[in-house]
Amino acid sequence: MSPLLYLIFTADIPTRNDIVIATFANDTAIMASNENPQTASLSLQTHLNQLDAWLSNWRIKVNETKSAQVTFTNRKTECSVVTINGTQLPVKNEVKYLGLILDQNLTWRPHITAKKTQINLKLRQINWLIGRKSKLTIENKLLLYKAIIKPIWSYGIQLWGCAKPSNTQVIQRIQSKTLRIVFNAPWYVSNKTLHKDSRIPFVEDEIIRITSRYLLNLTEHSNEQVNQLLIPPRP
């Protein structure tokens, strides 16, 4: 009941036409978009002022130190700092939201780097199961890869899949290396052969497959608000 009661409790959170609010449980992102960084900051601060009154009315405590302000832009300009409850929000170059690391330029490189570290750690933990000395069959080793390793990097692929090939190839190299270990394949066996024999698609192909399915699901969804996710926000 807790998630449902929380949604009911926060259903009247203040909204504005020039602000986009993204909420998932108690994780909330507030976004303002404008070509002029000062205008974006003003819109954001105006909404935060309204939010202050709402938080006070419902006696909701916000941890300002765990919040962050990020300016997503390819320009050198920065948005002016904003405050909530009289406390300035920390200005950062990247922020983690729902398991995704969003960097200032939206290159997804920090996110992919973090996933690389996480995958390597998990591979070391299960090496005794999928490594060259393991007695498991290749089928079971591949099953472990699909169940334990692949979900680590495939999460949020609909978003970070738009990163430059030089970034997405980081994940591809890890997958190719893992398949080589699973098959105990010598150096002269190509990565293409390993992917074909294992029936595991290349990362690039997986990006296309999952993203296409995701967009189709949005288009055919019965909820009109979900359909609107395909409409780019107005600046």
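Buried means under 20% relative accessible area, exposed means over 50%, and partly exposed lies in between, with a 1.4 Å probe and protein chains only. By that scale arginine 209, at 42% relative accessibility, counts as partly exposed. Keep the scale at hand for every stop below.

This is a predicted model: local features need pLDDT of at least 70, side-chain atom pairs count only at pLDDT 80 or more, and totals for chains, interfaces and linings use all residues. Residues are numbered from 1 along each chain as its sequence is written, and side-chain values use heavy atoms, with hydrogens and water left out.

**The whole chain**

Start with the cartoon view. The protein has ten helices and six strands. Here helices (H or I, at least four residues) and strands (E, at least two) are DSSP runs, numbered from the N terminus. The radius of gyration is 22 Å, well over the 18 Å that the globule rule gives for 235 residues, so the protein is more spread out than a compact globule. That radius is taken over C-alpha atoms, and the globule rule is 2.2 Å times the number of residues to the power 0.38.

Turn the model along its principal axes. The C-alpha atoms fill a box of roughly 65 × 45 × 35 Å. Of the 235 residues, 33% count as buried.

Now show the surface. The protein exposes about 15700 Å², and carbon and sulfur atoms supply 56% of that area. Accessible areas come from the Shrake-Rupley method with a 1.4 Å probe; for residues, only the protein chains shown count as cover.

Contacts come next; contact means heavy atoms within 4.5 Å. Among contacts between residues at least 6 apart in sequence, 55% join residues at least 24 apart.

**Charges**

Colour the charged side chains. There are 29 positive and 16 negative ones, and the centres of the two sets lie 13 Å apart. Lys and Arg count as positive and Asp and Glu as negative; His and the chain ends are not counted. Each charge is placed at NZ of Lys, CZ of Arg, CG of Asp or CD of Glu.

Side chains of opposite charge can pair when their charged atoms come close. A salt bridge is a side-chain nitrogen of Lys or Arg within 4 Å of a carboxyl oxygen of Asp or Glu. The count comes to three salt bridges.

Select aspartate 18 and arginine 16. They form a salt bridge, with the closest N and O atoms 3.0 Å apart. Aspartate 18 is partly exposed at 33% relative accessibility. Arginine 16 is partly exposed too, at 25%.

Move to lysine 150 and glutamate 206. Their closest N and O atoms are 2.5 Å apart, in another salt bridge. Lysine 150 lies in helix α5 (residues 138-154) and glutamate 206 in helix α9 (residues 203-220), so the pair ties together parts that are 56 residues apart in sequence. Both residues of this pair are buried.

Glutamate 206 is buried, at 2% relative accessibility. Salt bridges that share partners join Lys150, Glu206 and Arg209 into one network.

**Inside helix α7**

Select threonine 178, in helix α7 (residues 165-183). At 2% relative accessibility, threonine 178 counts as buried. Leaving aside neighbours within four places in sequence, threonine 178 is in contact with Leu123, Ile130 and Tyr145.

Go to threonine 137, in the loop between α4 (127-130) and α5. Threonine 137 is partly exposed, at 39% relative accessibility.

Next, select leucine 106, in the loop between β6 (100-103) and α3 (109-125). Its phi is near 55 degrees, a positive value in a residue other than glycine. Leucine 106 is partly exposed, with a relative accessible area of 44%.

Finish at arginine 199, in the loop between α8 (191-198) and α9. Arginine 199 has a positive phi of about 60 degrees although it is not a glycine. At 75% relative accessibility, arginine 199 counts as exposed.
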